[in-house]
Amino acid sequence: MESMKDRVIVVTGASKGIGAELARQWAREGAALVLAARDEGALRAVAAECVARGAKAEAVVTDVAEEADCRRLVERTVAAFGRLDVLVNNAGATMWARFEDIGDMAILERIMKVNYLGAVYCTRHALPHLRASGGRLVAVSSLAGRTGVPTRTGYAASKHAMMGFFDSLRIELADSGVTVTTICPGFVSTGIRENATGPDGRPIRVSPVKEGEVMGVEECARLTREAIAGRRRELVMTARGRMGLFLKLVAPGLIDRIARRAIETGR
């Protein structure tokens with residue numbers, strides 16, 4: 001796997017979960033990291049961990065739903081390190097509610113702004129610098145970006161939009177030197193699902209996923225790093241996910257039932 005030593009990497013959603021673990025693992029390689037999230041305290045704690053592991057790390061408080069924040073994130077990166085080699089669009093918001101139970105449509109608007117437009121905004125401002133470095137553009141999507149999932153309507157819609165955007169942009173950038181990698185994890189034990197939005201717009205507080213029976217965040221981050229280092233087109237992270245996408249072509253009704261059972265069982 002190609003080393004990311006001294007590569008300048010921006011990770012959004014870096015205060016916890018997959019983003020934080022990616023930062024920790026890249027820190028061991030000696031990367032120059034710019035970490036973005038809304039939670040300043042948690043973000044600075046992750047940055048301090050990365051510095052302790054041998055990396056250069058900057059923490060930039062960022063709400064990716066605001067384009068001005070995304071522009072400032074890229075400007076701060078280039079001011080600090082003079083370049084940008086990798087942009088990882090990882091920031092995300094999720095939900096856990098049947099569509100007909102949602103009382104406020106603003107829930108869906110927020111999810112779309114964070115998951116889809118946040119990635120678009122960051123990419124827009126980073127792209128000239130990625131062109132200059134022949135860099136890597138990364139979208140951390142989800143299996144929900146490839147197939148429908150009950151109780152996740154707004155989330156799945158935002159991830160479908162994300163996949164469509166980056167698949168289209170990959171073609172536009174084919175001769176630019178910039179590569180586009182999309183990452184599609186299944187359930188990952190990040191410990192943050194209790195912050196998912198319920199039908200009333202409030203965090204559900206209790207994770208509906210059996211965290212101990214799904215992929216660990218360390219393995220997820222490792223597989224993601226390998227895909228980015230290898231400039232892979234797409235990573236569907238589990239054998240079940242890859243089989244599901246195949247079955248969707250030949251037995252879509254079966255996949256609907258599998259998706260329903262996965263939500264019901266939480267794994």
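The legends below describe close-up views of a predicted model.

**View 1. The largest nonpolar core of the model.** This core has 37 residues. Those with the most contacts inside it are I9, W26, L33, L35, C50 and V88. At least two residues of the core come from each of the strands β1 (8–12), β2 (32–37), β3 (56–61), β4 (86–89) and β5 (136–140), and likewise from each of the helices α1 (17–28), α2 (40–52) and α6 (217–229). Helix α6 gives the largest share, seven residues. Another core, of 27 residues, lies apart from this one, and V60, A65, C70 and V74 are among its residues.

**View 2. W26 and its contacts.** W26 is one of the residues with the most contacts inside the largest nonpolar core. With neighbours within four places in sequence left aside, W26 is in contact with M4, I9, V11, A31, L33, V88, R225 and I228. Of these partners, I9, L33 and V88 are also listed among the residues with the most contacts inside the core.

**View 3. Helices α1 and α2.** The two axes come within 8 Å and cross at roughly 20 degrees. Angles under 35 degrees count as roughly parallel, and α1 and α2 are therefore described as roughly parallel to each other. The crossing of α1 past α2 is right-handed. From α1, the residues A20, A23, R24 and A27 take part in the contact, meeting V46, E49 and C50 of α2. Five residues of this contact are nonpolar, two are charged and no polar residue takes part.

**View 4. Helices α4 and α5.** Helix α4 covers residues 106–133 and helix α5 residues 153–172. They pack with their axes 8 Å apart, at an angle of about 20 degrees. The two helices are therefore roughly parallel to each other, and their crossing is right-handed. On the α4 side the contact involves L108, I111, M112, N115, Y116, A119, V120 and T123. On the α5 side it involves G154, Y155, A157, S158, K159, A161, M162, F165, F166 and L169. By type, the residues of the contact of α4 with α5 are 13 nonpolar, four polar and one charged.

**View 5. T182 in strand β6.** Strand β6 spans residues 179–184 and includes T182. Is T182 buried or exposed? T182 counts as buried because its relative accessibility is 0%, and the cut-off for buried is under 20%. Apart from neighbours within four places in sequence, the residues in contact with T182 are A139, M163, F166, D167, R170, R233, E234 and L235. One of these, F166, is also a residue of α5 that takes part in the contact with α4.

Terms used: Residues are numbered from 1 along each chain as its sequence is written. This is a predicted model: local features need pLDDT of at least 70, side-chain atom pairs count only at pLDDT 80 or more; totals for chains, interfaces and linings use all residues. Side-chain values use heavy atoms; hydrogens and water are left out. Helices (H or I, at least four residues) and strands (E, at least two) are DSSP runs, numbered from the N terminus. Buried means under 20% relative accessible area, exposed over 50%, partly exposed in between (1.4 Å probe, protein chains only). Contact means heavy atoms within 4.5 Å. Axes are lines fitted to C-alpha atoms, for helices over the stretch in contact, and angles run from 0 to 180 degrees between N-to-C directions. Angles under 35 degrees count as roughly parallel, over 145 as roughly antiparallel, 65 to 115 as roughly perpendicular and the rest as oblique. A crossing is left-handed if the near helix is turned anticlockwise from the far one by less than a right angle, and right-handed if clockwise. Ala, Val, Leu, Ile, Met, Phe, Trp, Tyr, Cys and Pro count as nonpolar, Asp, Glu, Lys and Arg as charged, and the others, Gly among them, as polar. A nonpolar core is a set of buried Ala, Val, Leu, Ile, Met, Phe, Trp, Tyr and Cys residues joined through side-chain atoms within 4.5 Å.
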